[in-house]
Amino acid sequence: MKHDLSAKLAGHPFVQGLSEDHIKFLTGCIANVKFMPGEYVFREGEPADLLFLLRSGQVAVQVYGPGRGVTTLSTMGAGEIVGWSWAVPPYISHFDVVAQQMTLALSVDAKCLRAKCETDPEFGYQMLARMVKVIERRLTATRIQLLDMYGSHR
Amino acid sequence: MAHIAELPNVLNDSDPMIPRLMRVVKNRPETSNTFTLTLEDPDRIPFKFEPGQFNMVGIAGVGEVPVSVCGDPDSPMLVVHTIRAVGAITDALRRVVPGQFVMVRGPYGHGWPLREAEGHDVVIVCGGIGLAPMRPAVYRLLQARDRYGKCAMLYGTRTEKDILFKREFMRWRTRKDFRFELTLDRGRGVWRGNVGVVTDLISRLDVDAPNTIAMVCGYEMMMRFIVSSLIAQKLDPSRIFISMERNMKCGVGLCGHCQLRGTFVCRSGPVYRYSDIASLLPVREL
Ligand SMILES: Cc1cc2nc3c(=O)[nH]c(=O)nc-3n(C[C@H](O)[C@H](O)[C@H](O)COP(=O)(O)OP(=O)(O)OC[C@H]3O[C@@H](n4cnc5c(N)ncnc54)[C@H](O)[C@@H]3O)c2cc1C
Ligand code: FES
């Protein structure tokens, strides 16, 4: 069973370049999860105790505002990760994330992951370096979104 | 670089500055500020063009503007333009009605490298009105689908209301041999598709970089981000093609209005190999 999880984990882009030992180390924190369309992966304000490595399907990051309803800010699919709040105190989720299609993922227990990052600084560095890459990509995407880069309203 | 005399089918061979009058067959709104004009030559002279080429389209007494040809290159009896109304001339064009005549000169410029792309995978990335110059290329590609490897098209636009050619998308989506992805900057209500910038979709593609040709069209700032994402996927800059826009007057390399340092966009472009103009893009006010 663990071997199966380890193989699934090794195939995810998030761990590309991670040593075999570190993949095994991380496998101790993960579980296989599945979300049906419409099911929430997590909700705004909830403790951010899981990080998700998406394997297939699609999820939407959403925010709800009275009078505006639900706005989808971004969607993510296979190979991407969802949830960064596990890395930053107070470890609370800032958005709703809902499955738009049947979605398969590996969930990573955040407490377990944080403990492993503390006990093995090299592993911790590898995890944070990967998170920074994801955050940099998302930040760039958000900046581009702000630009009205399709010139729709010029 | 072809001389203007070698360019195909300039409507008035004797003097490329003299427009032909074309009759408006249809003027259909696409979105709140974008419309599609369908024109025909009253003498039924076929209009041949290559995907990516443009016409100078105008109204007597108002002026003329460069607009890409957006119809099917295999339907030469109709000339189709999809235009976003942004100023005096495009707004005047928005108001034309069937039966009225508009002035057309063209087709001008160099189009998409469909010949060079044969035998390769093709990735098309466009945003907003950038879909208009790309549509004839998609028609050609799908019509001769067996000449190409894997084909994907990524299209981004602001909101659901800004999506162009919705009906066409439905058809493209059902094709198993053509991957079509659409993304919005913002999704409201019942929207269940992708949300995020079009560059996000690039990183989700499984690109065989040495065997891929990319064609990019849209607002210039957007194209810079798209090109960076394609290069991050290991695409060589010489395999990326972009369509440039500059103010134009003559459209045939005479006036210099469209000059981009050592090149005239109307004559050497609008489609360029990215590696040929990469150094010019970051230069302000060029
Ligand atoms: C080769 C080529 C192909 C084109 N194809 C199409 C097409 O298929 N469909 C289409 O809708 N447009 C296309 N354009 C752009 C089109 O030519 C311009 O929108 C048009 O010239 C605007 O003229 P106007 O008199 O209506 O507005 P103007 O009065 O000239 O401008 C109004 C406002 O729009 C801004 N603006 C004008 N043109 C541009 C531009 N190209 N980029 C950014 N901002 C601009 C101006 O800065 C100004 O603020 C193309 C341009 C080129 C060079
Ligand atoms: S528009 Fe006159 S030279 Fe290009």
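1. Let's start with polar contacts between the two chains. In this predicted model, eight residue pairs are in polar contact across the interface of chain A and chain B, with both partners at pLDDT 80 or more. Two salt bridges are counted between chain A and chain B.

2. Which elements of chain A give two or more residues to the side that touches chain B? They are strand β5 (69–77) and helix α4 (121–146) of chain A. The largest share belongs to β5(A), which supplies eight residues. Sorted by class, this side of chain A has 11 polar, eight nonpolar and six charged residues.

3. Now for the extent of the interface. On one side 25 residues of chain A take part, in contact with 30 residues of chain B. Together the two chains bury about 2500 Å². Carbon and sulfur atoms account for 48% of that buried area.

4. Within chain B, have a look at a pair of helices. Helix α2 (residues 131–143) of chain B and helix α3 (residues 166–174) of chain B have axes that come within 13 Å and cross at roughly 35°. The crossing of α2(B) and α3(B) is left-handed. On the α2(B) side, the contact is made by Leu131(B), Arg135(B), Val138(B), Tyr139(B) and Leu142(B). From α3(B) come Glu168(B), Phe169(B) and Trp172(B). By class, the contact of α2(B) with α3(B) has six nonpolar and two charged residues, and no polar ones.

5. The backbone deserves a friendly second glance too. Most peptide bonds are trans, and most residues other than glycine have a negative phi. In chain A, the bond joining Pro89(A) and Pro90(A) is cis, with omega about 5°. Pro90(A) sits in the loop between β6 (81–82) and β7 (96–99) of chain A. Tyr91(A) also lies in the loop between β6 and β7 of chain A. Its phi is near 60°, a positive value in a residue other than glycine.

6. Where in chain B is there a cis peptide bond to inspect? Such a bond joins Gly106(B) and Pro107(B), with omega about 5°. While Pro90(A) is in a loop, Pro107(B) is found in a strand, β6 (residues 101–108) of chain B.

Key
Residues are numbered from 1 along each chain as its sequence is written. Chains are lettered from A and ligands numbered from 1 in the order in which they are written. This is a predicted model: local features need pLDDT of at least 70, side-chain atom pairs count only at pLDDT 80 or more; totals for chains, interfaces and linings use all residues. Side-chain values use heavy atoms; hydrogens and water are left out. Axes are lines fitted to C-alpha atoms, for helices over the stretch in contact, and angles run from 0 to 180 degrees between N-to-C directions. Helices (H or I, at least four residues) and strands (E, at least two) are DSSP runs, numbered from the N terminus. A crossing is left-handed if the near helix is turned anticlockwise from the far one by less than a right angle, and right-handed if clockwise. Contact means heavy atoms within 4.5 Å. Ala, Val, Leu, Ile, Met, Phe, Trp, Tyr, Cys and Pro count as nonpolar, Asp, Glu, Lys and Arg as charged, and the others, Gly among them, as polar. Buried area is the accessible area (1.4 Å probe) that two parts lose on being put together, summed over both. A salt bridge is a side-chain nitrogen of Lys or Arg within 4 Å of a carboxyl oxygen of Asp or Glu. A polar contact is a pair of N or O atoms within 3.5 Å; within protein, one must be able to donate a hydrogen and the other to accept it, and residues adjacent in sequence count only if both atoms are side-chain atoms.
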